[in-house]
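Look at the sequence and the structure shown here.

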Amino acid sequence: MSEQEPRVAAAARSHVGMHRTVNEDSVIAEDPYFLVADGLGGHEAGDLASQAAVSVFAEELGRPAALPAIEYAIERARAAVLDVSRTTSRGAGTTLSGVIRCEHDGFPCWYVVNVGDSRVYLLRGGAFTQLTSDHSLFAELEAAGRSEAADVPRNVITRALGAGDSRHDSWLLPMQTGDRILVCSDGLTNELTDEELRGVLTVGGRPESVADELVQRACEAGGHDNISVVVVDTLFALEPPPDTGGTDAQSWDSSFVDTADDATRDASGR
């Protein structure tokens with residue numbers, strides 16, 4: 001590893017929920033891929049769907065991924081999940097959320113990806129931010145200010161690999177030394193509030209101990225669903241000059257990735 005190569009440390013934990021017999025979550029936490037997939041379709045196929053999605057990313061490890069290769073891998077993950085879905089009577093699908101280490105304009109970045117209601121959080125300089133938006137009926141109704149949101153189950157998702165709408169959100173987040181990223185399934189966020197998550201992540205400690213603490217607390221809070229956690233620390237990253245932007249804690253959403261056209265264009269077309 002060169003002196004300019006980013007250094008990261010990560011840990012993953014996955015736990016079968018108290019009311020589940022099969023863990024339908026799958027995780028990968030090997031550089032450059034840090035992803036969580038939460039399978040849908042019950043014990044018949046949910047675990048196979050999440051495994052199929054994650055396995056696509058396990059083929060090239062240890063180096064930053066190129067943007068076109070990331071998009072191609074996501075397409076392959078879609079195809080793999082559809083293959084699983086065709087073998088079941090109920091169909092199958094999976095969420096896919098996380099970060100992938102890549103480079104842009106010579107500087108290290110995280111490619112943040114999300115489809116479904118698994119989440120990615122960023123702890124940077126004391127600020128704790130949910131980077132992803134849930135693709136769920138509850139979240140969409142709540143965002144629209146609809147009163148019926150309170151009556152909608154939170155596990156009804158509107159996008160998933162293997163579903164009719166499998167579109168993914170993606171953008172670039174410049175890496176910054178000291179960042180801590182949390183990727184998790186809804187088995188964690190259904191049990192712990194954002195403030196509780198922030199408290200555990202802020203206390204410090206190695207990723208392994210932080211991941212263990214999060215899973216333990218979720219279990220103590222009820223552990224109704226499968227719980228999967230990936231904690232990633234950026235130990236060192238060469239950061240862009242200040243005049244290029246992208247290192248501010250609130251600027252993570254300013255560079256939407258669209259590799260079919262311009263990899264630095266954001267959602268508004270800038």
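What pLDDT does the protein chain average? The average is 86, and 87% of the residues score at least 70; pLDDT is the predictor's confidence in each residue, from 0 to 100. This is a predicted model, in which local features need pLDDT of at least 70 and side-chain atom pairs count only at pLDDT 80 or more, while totals for chains, interfaces and linings use all residues. Residues are numbered from 1 along each chain as its sequence is written, and side-chain values use heavy atoms, with hydrogens and water left out.

Over residues 244-270 pLDDT stays under 50. Where pLDDT is low, the predicted coordinates should not be read in detail.

Arg76 lies in helix α2, residues 67-85. Beyond its neighbours within four places in sequence, Arg76 is in contact (heavy atoms within 4.5 Å) with Val56 and Glu59.

The table lists relative accessible areas; under 20% is buried, over 50% exposed, and in between partly exposed (1.4 Å probe, protein chains only).

| Residue | Relative accessible area | Class |
|---|---|---|
| Arg76 | 28% | partly exposed |
| Tyr121 | 0% | buried |
| Phe128 | 19% | buried |

Rings of Phe, Tyr and Trp (its six-membered ring) pair if their centres lie within 6.5 Å; planes under 30 degrees apart count as stacked, over 60 as edge-to-face and the rest as tilted. The count comes to 3 aromatic pairs. The ring centres of Tyr121 and Phe128 are 4.9 Å apart and their planes are at 5 degrees, so this pair is stacked.

Terms used: Helix = DSSP H or I, 4+ residues; strand = E, 2+ residues; numbered from the N terminus.
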